[in-house]
Amino acid sequence: MAGIALTINSYTTSSISFTAVVDSEPNLWQYSLDGGKNYYPFSTSSSQTAVYTISGLQAKSYSLKVSARVRSAIGTLVYVYSDTKTVDLSLPVVSVSASDITNASFLLSMYSSVECNLWQYSLNGGTSWTTISTENGTSAM
């Protein structure tokens, strides 16, 4: 009996969305955020694919593991497990967009989930950098 294929779909500073796939019909799905020490049920569906979002989390690192209770070839109930995936929700999320693009200029808008005190961009793959702002904040233009 194979384990569970676990894929992290997305995450924010307070949630983790994942997909888990098992090769037998389960009657219980569970997740663990501490690498398998404590499990919490999230579904009793018999679907071999589970998509779930854990919300209300703190911004820190988690060791996500998923288990499913399935019937073995001889009919007994057994648990199968995924590998552990580390998801660090404390890492900043930064986004950049360009607008008003002409042959000679463009407008950059930068946003971060944490305060930043240096905002820069590079036009040559990181060889040299141009500073936009040294003001502390969560956005720069």
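In which strand is glutamine 30 found? In this predicted model, glutamine 30 belongs to strand E3. Its relative accessible area is 13%, and because buried means under 20%, glutamine 30 counts as buried. Leaving out residues up to four places away in sequence, glutamine 30 touches Tyr39, Tyr40, Pro41, Phe42, Lys65, Val66, Ser67 and Tyr79.

In soluble globular proteins, nonpolar side chains tend to be buried together. Here the largest nonpolar core has 21 residues. Phe18, Trp29 and Val66 have the most contacts inside it. Strands E2 (15-21), E3 (26-32), E5 (49-55) and E6 (61-71) each supply at least two of the core residues. The largest share, five residues, comes from E6.

What does valine 66 contact beyond its neighbours within four places in sequence? The list runs to Ile4, Leu6, Phe18, Ala20, Trp29, Gln30, Tyr31, Tyr39, Phe42, Val80, Tyr81 and Ser82. Another core, of five residues, lies apart from the largest one. Among its members are Met110, Cys116, Trp119 and Ala140.

Now turn to the aromatic rings. A pair of aromatic rings is described by the distance of the centres and the angle of the planes. The structure holds nine aromatic pairs. Take tryptophan 29 and phenylalanine 42. Their ring centres are 6.2 Å apart and their planes meet at 35 degrees, so the pair is tilted. Tryptophan 29 lies in strand E3 and phenylalanine 42 in strand E4 (residues 40-43), so this pair ties together parts that are 13 residues apart in sequence. Both tryptophan 29 and phenylalanine 42 are buried.

Phenylalanine 42 also pairs with tyrosine 31. This pair is tilted, with 6.1 Å from centre to centre and 40 degrees between the planes. Tyrosine 31 lies in strand E3 and phenylalanine 42 in strand E4, so the pair ties together parts that are eleven residues apart in sequence. Tyrosine 31 is buried, as is phenylalanine 42. Ring pairs link Phe18, Trp29, Tyr31, Tyr40, Phe42 and Tyr52 into a cluster.

Finally, look at a loop. Is aspartate 100 buried or exposed? Aspartate 100 has a relative accessible area of 57%, and because exposed means over 50%, this residue counts as exposed. Aspartate 100 sits in the loop between strand E9 (94-99) and strand E10 (107-116). The phi angle of aspartate 100 is near 50 degrees, a positive value in a residue other than glycine.

Definitions and conventions. Residues numbered from 1 in each chain as written. Predicted model: local features only at pLDDT ≥ 70, side-chain atom pairs only at ≥ 80, totals over all residues. Heavy atoms only, no water. Helix = DSSP H or I, 4+ residues; strand = E, 2+ residues; numbered from the N terminus. Buried < 20%, exposed > 50% of the residue type's maximum accessible area, 1.4 Å probe, protein only. Core = buried A, V, L, I, M, F, W, Y, C linked by side-chain atoms within 4.5 Å. Contact = heavy atoms within 4.5 Å. Phe/Tyr/Trp six-rings, centres within 6.5 Å; stacked < 30°, edge-to-face > 60°.
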